[in-house]
Structure formats: C-alpha cells, structure tokens
Amino acid sequence: MRTTRSLHLRSSELSPGVGVRTGSSVADLRQSFLDNLFCSLGRVPIAATPNDIYTALALTVRDRVHKQGVRTMEARIEQEARVVAYLSAEFLPGPHLANNLLNLGIVEPARRALSEFGLDLDEVIEQEEEPGLGNGGLGRLASCFLDSLASLEVPAVGYGIRYEFGIFEQALKDGWQVEITDKWLRFGNPWEIVRPEIYYEVKFGGCTKAGQDEHGRYQVQWLPDTEVKGEAYDTPILGYRVGTCNTLRLWKAEAVESFDFAAFNHGDYYRAVADKVESENITKVLYPNDELLQGRTLRLQQQYFFVSCSLQDMIRIHRGLGRPLETFHEKWAVQLNDTHPAIAVAELMHLLVDDHGMDWDTAWNVTRNSFAYTNHTLLPEALEKWPVNLIDQLLPRHLEIIYEINSRFLDEVRTAFPDDIARLCRMSLIDEAGERFVRMAHLATVGSHCVNGVSRLHSDLLKQTVMQDFAELWPQKFCNVTNGVTPRRFMAVGDRPLAQLITETVGEGWLFDLHELRRLEPLADDAAFQERWREAKLAVKRDLAAFLTSRTRAKVNPVSLFDTQVKRIHEYKRQHLNVLYILALYLRLKHDPAVDVPPRTFIFAGKAAPGYFMAKLIIKLINSVADAVNNDPAVHGRLKVVFLPDFGVKSAQHIYAAGDLSEQISVAGKEASGTGNMKFALNGALTIGTLDGANVEIRDEVGAENFFLFGLTVEQVSEVMRRGYHPQDIVEKNVSLREILDFIGSGALTGGDSSVFRPLLDRLLYDDPFLVLADYQAYAECQEQVSALWRDQRAWTRRAILNVARMGKFSSDRSIREYCEQVWRVKPMTVTSWSPHGGARGAGGH
C-alpha cells in the first residue's frame with residue numbers, strides 16, 4: 001500500500017472561513033447549499049434537477065459531518081483507545097440524509113434554508129437512493145450497531161463490501177418475484193469518499209512452498225495464481241448529538257493492472273480488459289446465487305477479499321502508530337457478524353505467521369484474543385460450510401492453516417474428553433461425512449475468545465443444540481447479547497408524529513436513554529393523551545396509505561386495522577400461515593356477508609432468495625390472494641391485501657410507523673432474535689407471535705396481557721417431531737382448514753390452473769417442516785382475540801401505549817453497552833466537537 005508524508009495540522013487551526021462551510025445557522029446552511037450547487041455540481045438553481053438539489057444538500061450536510069470525523073480521528077490517536085472492528089458481509093444503513101440532519105440537530109434550520117428557495121425538505125430527502133449493501137435483518141442490525149457505537153462514543157470502524165449492484169431490485173410480474181439489477185450507484189453516492197491511496201492486494205489460487213527463512217525457521221510461501229486489489233471507500237457514521245463520527249469502510253475490488261496495453265495493440269480487445277472484468281466481479285453483487293459452482297466460488301472470494309483487506313488495514317494502522325503486532329489484540333476488538341467473515345481467523349494467522357514472521361503460539365494468542373463471533377441462526381443451511389476442495393483451489397495456504405488449527409484443537413478435545421471419538425467427529429473443523437467440508441461456525445468458535453447468541457432463547461438453544469459440544473468444553477466462552485434497534489432512525493426519523501408526541505410529553509432524553517419511555521406508562525389510561533396518540537398513528541397510516549397507492553396502485557383505508565408482516569420471505573417465517581387465515585376470513589365473508597369482521601388491511605413485504613423456489617411460490621400465493629380479495633365486491637371495504645415490492649429501509653420506515661398488528665409468527669426455535677418485532681412494538685403496534693427469538697423477551701417486558709400469544713413452544717415442537725408429525729391428520733380433523741387448502745388447490749386463485757400451488761400444498765400436507773398446519777387453529781383463534789380488542793379502541797390504545805413505554809430494553813444502545821462490557825472490553829472515548837467561532841465545546845449527550 002502506498003503511503004504519503006504526514007501533514008501536521010490540527011482541526012483547530014482551520015481557517016475561520018470554514019465557519020460558513022460547517023456552521024449550523026439557516027444563513028450558513030443556505031450559503032453552503034448554494035456553494036455546493038454552484039461549485040461542486042456546476043449548476044444554477046433554475047437548471048438543477050431533483051438529484052442535483054439532493055446532492056447539493058447532502059454535500060452541505062456531509063461537510064458538517066466530516067468536521068466531527070476529523071476531530072474523532074485526532075482524539076483516537078491522542079487517547080490510544082481500543083477500537084471495535086465490526087466485520088459484516090452486509091450493512092443496510094438506509095438513506096443517510098435524514099439521519100445525519102437529526103444527529104446534527106439541524107433538521108429545522110435545513111428546512112427553513114431550503115424553503116427560501118421554494119424547496120420542501122421532505123421531498124428532497126425522498127430523492128435519496130438507498131445503499132444496496134445488505135439484504136435484511138443481518139445488515140440492518142449491523143447498521144443499528146454502527147449508529148449506537150457512534151452515539152455512545154465507542155471507537156469503531158465497520159468493514160464490509162462496496163457492492164456495485166446490491167442484492168437485487170424486486171419487481172412483480174403476474175404475482176411472481178422478478179429480480180432486476182439494483183443500480184443504486186447510478187447517480188453516484190455523495191456520502192462516500194474514495195481513498196485510492198488505501199488499497200491492498202488480495203491473493204487467490206496457486207500453491208504453497210515450504211522452506212526456511214533467513215534465520216533458519218520453518219516458513220511457508222504462498223505462490224498465488226491471481227491477485228486483485230481492494231480499494232477503500234469511506235462513509236462517515238455520525239453519533240446522535242455527540243462529537244464522535246466513526247467510519248464505515250467498504251472495499252471495492254479492482255484489477256492490479258486494469259488494462260493490458262500489449263494485448264490491445266495486438267487487437268485482442270477482450271483480453272486487454274479481462275483482468276479488470278474478472279476482478280471487479282467480486283464486488284458486483286451481494287450474495288450471488290450459490291446453487292452453481294461459480295456462485296459458490298464467487299461468494300467465498302467475496303468473503304475472503306473483504307476480511308483480508310480489513311485485517312491488512314488494521315495491521316497498517318496498528319504499525320503506523322508504532323505498536324508491535326504482539327499487542328494487536330490489545331488495541332483491536334474484531335467482531336465476526338455471523339459466519340461470513342469467519343475465514344478471517346485463518347487470514348490473521350496467515351498475515352502474522354507468514355507475512356510478519358510471528359511464531360505460531362504467539363500468533364494464535366493474538367488471533368484468539370482479537371476475535372469474537374456472533375451466531376445468528378440455528379438453521380443448518382445457514383451455518384456455512386465450504387467444500388475442502390474449493391478452499392484448496394482458492395486459498396491453499398489457508399486450508400493448511402485450518403488443518404493445523406484443527407489438529408491442535410482436537411488435541412485439546414482429546415485431553416478434555418478422552419476416548420470420545422464421536423465428539424471429536426462432531427467438533428472437528430472438517431466435516432468428514434461424505435464430501436469433506438470446512439465448518440465455518442466451528443472455525444469462528446475455535447478462533448474467538450467469545451461467542452454470543454442474539455436473544456436469551458437463541459443463546460440457550462445454541463448451547464443446547466448446534467454448539468453443545470463447544471459449550472461443554474468452554475462454558476465461559478458463551479454469552480447472550482439480545483439484539484436491539486436504534487430509536488433515532490425508526491422513531492425520530494421514521495415516525496415523526498409519535499416521536500414529537502413523546503418528546504412533548506417526556507422531553508428529548510428518551511433518544512439517549514430509551515428507558516425514559518417508561519414515563520409514558522401513567523398516561524396509558526388518560527383519555528386526552530389516548531386521543532393524541534390515535535391522531536399521531538392515523539397521520540402515519542395515511543402517509544403509508546398514500547405510499548402504498550404510489551407504489552402498488554392499491555387504495556387502502558387508513559382507519560382499518562393495518563396487519564403487517566414485513567421480513568425476508570422464508571418458510572420458517574411462515575407468511576403462508578398468515579395467508580391461510582386471510583383466506584379463512586375471505587371464505588367466511590363469502591358464506592355469510594353479515595358476519596362481524598372489522599375492516600383489516602394485510603400488508604406484506606420482503607424478498608425471496610433468487611434460488612428459493614418455495615419462498616417465491618409464497619409470494620405468488622400472497623399476490624394471487626390479493627387479486628381475488630381486492631377485486632371481489634363482496635368483501636370491498638372489509639378486507640384488503642397488499643404486497644409492497646422491493647422492501648428496504650425507506651419503505652420500512654413507513655410501515656413500522658403505521659403498523660397496528662405485528663406478525664411475528666415463525667415456528668418456535670427457528671428465529672434467532674428478529675428486530676422487526678422490536679421496531680413495530682416501539683412504534684405502537686401490538687404483537688401476535690410465538691415464543692420464538694426475542695418475542696419471549698418482548699412479551700416479558702411489555703406484559704403477557706399486551707401480547708397476542710399462540711403456538712407450540714420449542715419443547716412442544718421437539719415433542720411433536722419426536723412422536724412423528726402427520727400434517728394430514730390435522731387437516732382431516734379441521735373442516736375450515738380443509739376448505740382453505742381445497743380452495744387453494746382448486747385453481748380458483750390462478751384462473752383454473754390447479755397445478756400452480758400444488759408444490760406448496762404437497763409440502764404442507766406431506767412434510768410441513770415448520771408446523772404451519774399444527775399451529776393454524778391456535779393462530780386463527782388468537783386472531784379472533786385481535787379483532788375483539790380492535791373493536792374497543794380505548795383498550796387497544798392503552799395496550800399500544802404500554803407496549804411503547806416498556807420497550808426501553810430493546811435499544812441497540814443497550815446491546816452495544818453489553819458488547820462493550822461482556823465481549824470487547826472497550827470503553828467510550830469522549831470527543832469534543834469544535835466550532836470555528838466558539839472554540840472547543842463538550843460533546844454533551846450522555
């Protein structure tokens with residue numbers, strides 16, 4: 001990597017003229033906006049496009065964010081703080097503009113500055129493209145954590161991949177999901193800064209060569225076939241009303257030599273750019289379809305590429321500050337967000353032992369004390385395993401290192417559990433049953449000093465099931481940190497009417513300390529406060545109704561009960577259980593139009609993995625039911641079904657704010673935590689759900705009487721499966737359920753074609769691995785309790801207020817504090833923000 005000479009200048013020495021560029025008054029913002037429009041974009045207002053206006057405002061805000069960032073970097077160097085490095089294959093930050101305006105405290109000054117040009121701030125905010133850097137809960141959690149790390153003033157950097165096209169843009173064709181290229185960068189990204197001088201070379205393929213170094217010590221050289229270059233792109237992550245601004249550093253893959261001039265001169269134009277095309281493929285798309293070998297190869301390349309760049313970057317920074325590598329673990333707390341970055345364990349050993357000449361035992365001590373691992377799933381298919389021959393082909397040196405780690409580890413197991421061959425087989429990093437695989441969750445566990453689950457139930461199940469052997473060997477290594485969400489984005493930005501009501505009632509402190517919401521509890525029975533609460537909810541429901549109309553052409557009644565299920569489409573999340581109940585209501589109304597069914601709007605959103613046929617079929621089922629229900633005059637004004645395509649953070653902010661009922665209905669024992677359940681509850685939705693994931697803790701906090709509970713428990717699920725589960729027996733005994741399934745199979749939803757949903761029906765009738773039919777009757781009965789409560793709006797509102805008041809535990813700030821104390825051993829580092837007019841001032845906040 002190239003380096004440059006240091007320029008010794010402190011932020012406090014900047015010219016007073018910077019005041020206008022970074023000031024927060026209406027006049028300063030107005031002038032900065034014009035300067036950016038004229039000088040950065042070369043536009044005059046009369047010719048400016050909506051994107052020009054958005055970009056000029058984004059650059060105006062970015063200047064003020066970077067003022068904080070510069071001061072943070074200075075303070076970090078001065079205080080030699082331990083830094084959290086959060087490694088995640090995905091981040092889902094959502095739009096930056098509104099969040100940064102909130103964190104800087106300049107929403108209203110910016111609104112007034114734009115109004116002087118006849119511009120509406122909300123319309124400008126809506127112009128922003130959403131960064132296509134993540135898919136769902138994993139990436140959004142990572143972004144919530146970055147928000148909280150900065151807001152709590154914890155030194156941190158997020159490391160990931162700068163995907164050029166994200167995962168995909170979801171469209172619907174005849175009710176089926178269609179994947180379209182997500183061109184989120186087509187207008188550029190004003191928030192990122194490319195760092196062309198910060199790049200690292202990443203090797204692939206080839207072979208290894210054993211020998212001795214100049215001191216006669218054993219040494220292995222990796223002789224790769226190919227190399228690519230990883231270039232850094234930085235996005236500032238600002239804390240809420242504090243001086244700290246951390247960094248999200250993303251890596252873009254490029255060819256070491258992007259153009260072969262000799263090949264071009266010989267007329268071979270394709271070969272002239274072949275290296276560039278092949279190298280850049282690594283960071284083109286999030287989660288390429290891994291059903292084919294090429295897709296699996298690319299995914300492993302992506303994972304290794306970003307962890308190699310990230311670890312090389314940490315080592316560069318560490319050595320640049322004059323620190324010996326033997327102290328790397330004292331200054332870096334490296335968090336592996338799920339198994340995607342697990343290859344980092346082998347990579348750090350490779351860098352320390354092969355590139356920096358450290359002996360194995362010292363390197364292993366550094367490695368193990370640097371890493372911690374968060375497990376996010378108990379689903380076997382999500383616990384990554386890579387074929388040994390694929391790792392050998394792409395990363396031959398790392399396979400050797402994994403073998404050596406495994407050999408030493410199994411010696412430790414033999415000592416603790418003599419003569420237990422079965423345990424050795426279960427715990428080995430190599431799965432020897434059939435085709436040989438490297439178990440990445442095992443590698444992450446062995447190579448980390450701490451392993452955590454993400455809800456109390458999940459952490460317990462983790463130690464009882466997939467990690468039982470490891471928990472018996474190292475019980476002290478396992479802990480729980482229940483997930484959380486940031487109230488800044490999902491309440492203050494996403495639900496302004498409710499946030500304003502809360503602030504007027506209890507003050508602004510709740511955005512720093514979510515437990516302050518408890519002060520709402522005495523108002524739960526106050527008639528006047530309830531009325532204001534319902535007005536705030538109706539305002540965001542009207543906003544969502546307009547949003548749905550603009551995106552789907554569906555017209556919905558904002559006074560109806562908004563029944564919402566928005567999340568990744570997967571069988572274990574059981575969107576089809578929801579659909580079965582919708583059809584039950586529909587058929588009941590068809591049989592008896594006089595039946596009392598409160599008006600209800602069912603809202604779905606979420607993407608299915610491109611290669612997951614059954615999930616795509618569920619999307620098709622939802623849309624076929626929507627077509628039937630929405631076009632039937634017999635249920636007009638009583639039932640509505642809407643599927644909102646291309647679910648992301650922007651649309652989520654609308655839906656979480658407006659939901660009345662939150663569907664958290666996964667089969668017990670499959671959802672690690674969930675965070676949508678927290679976002680809905682924080683915005684006043686009541687939850688219907690199973691005792692799965694964080695639902696258990698939410699119910700404990702808000703009160704059992706304020707949670708619609710149904711379904712089998714984890715223990716009951718295990719018992720049902722142990723005894724032998726026969727879903728057809730359930731259908732035979734349930735007339736309503738049989739009618740629903742017969743209706744789906746009749747072709748009535750598909751123009752007479754009875755074959756369309758046959759695979760889904762066969763899955764339910766002959767397998768039903770997620771116990772949809774077993775839980776159906778309990779779910780339907782629980783939904784009747786929902787309808788009964790909805791008829792009593794005072795009682796419903798009371799429970800909604802109590803839900804919000806008691807959700808203080810579920811802030812991502814609490815999660816980060818627990819990580820700092822239990823896992824990272826990191827303390828906050830106060831950063832004083834500065835003003836060119838008023839000198840240094842305290843950051844305030846906590």
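**Close-up views of a predicted model**

**Figure 1. Glu347 and the residues around it.** Leaving aside residues up to four places away in sequence, Glu347 touches Tyr304, Ser308, Leu311 and His398. This is a predicted model, and here we look at Glu347 in helix H12, which covers residues 344-355. Where is the nearest side chain of opposite charge? That side chain belongs to Lys203, 8.5 Å away. A salt bridge needs a nitrogen and an oxygen within 4 Å. Glu347 is buried yet has no salt bridge.

**Figure 2. Helices H3 and H4 pack against each other.** Helix H3 spans residues 50-79 and helix H4 residues 97-104. Their axes lie 10 Å apart, at an angle of about 40°, so H3 and H4 are oblique to each other. The crossing of H3 past H4 is left-handed. Look for the side of H3 with Tyr54, Leu57, Ala58, Val61, Arg64 and Val65, which meet Leu97, Asn100, Leu101 and Leu104 of H4.

**Figure 3. Helices H13 and H15 cross.** Here helix H13 (residues 360-370) meets helix H15 (residues 396-416), with axes that come within 13 Å and cross at roughly 85°. H13 and H15 are therefore roughly perpendicular to each other. Which residues of H13 take part in the contact? They are Trp360, Asp361, Trp364 and Arg368. From H15, the partners are Ile401, Glu404, Ile405, Arg408 and Glu412.

Figure 4. In the salt bridge between Asp431 and Lys385, the closest N and O atoms are 3.0 Å apart. Asp431 sits in strand S13 (residues 430-431) and Lys385 in strand S12 (residues 385-387), so this pair ties together parts that are 46 residues apart in sequence. Is Asp431 buried or exposed? With a relative accessible area of 11%, Asp431 is buried, while Lys385, at 39%, counts as partly exposed. Asp431 also forms a salt bridge with Arg439, and there the closest N and O atoms are 3.6 Å apart. Both Asp431 and Arg439 are buried.

**Figure 5. Arg217 and Asp213 form a salt bridge.** The side chains of Arg217 and Asp213 meet at 3.0 Å, N to O. Arg217 has 44% relative accessibility and counts as partly exposed, whereas Asp213, at 15%, counts as buried.

**Figure 6. A network of salt bridges.** Five names to find in this view are Arg195, Asp234, Arg249, Asp313 and Arg316, which are linked by salt bridges into a network.

Definitions and conventions. Residues numbered from 1 in each chain as written. Predicted model: local features only at pLDDT ≥ 70, side-chain atom pairs only at ≥ 80, totals over all residues. Heavy atoms only, no water. Helix = DSSP H or I, 4+ residues; strand = E, 2+ residues; numbered from the N terminus. Buried < 20%, exposed > 50% of the residue type's maximum accessible area, 1.4 Å probe, protein only. Lys, Arg positive; Asp, Glu negative; His and termini not counted. Contact = heavy atoms within 4.5 Å. Axes fitted to C-alpha atoms, helices over the stretch in contact; angles between N-to-C directions. Parallel < 35°, antiparallel > 145°, perpendicular 65-115°, else oblique. Left-handed = near helix turned anticlockwise from the far one by under 90°.
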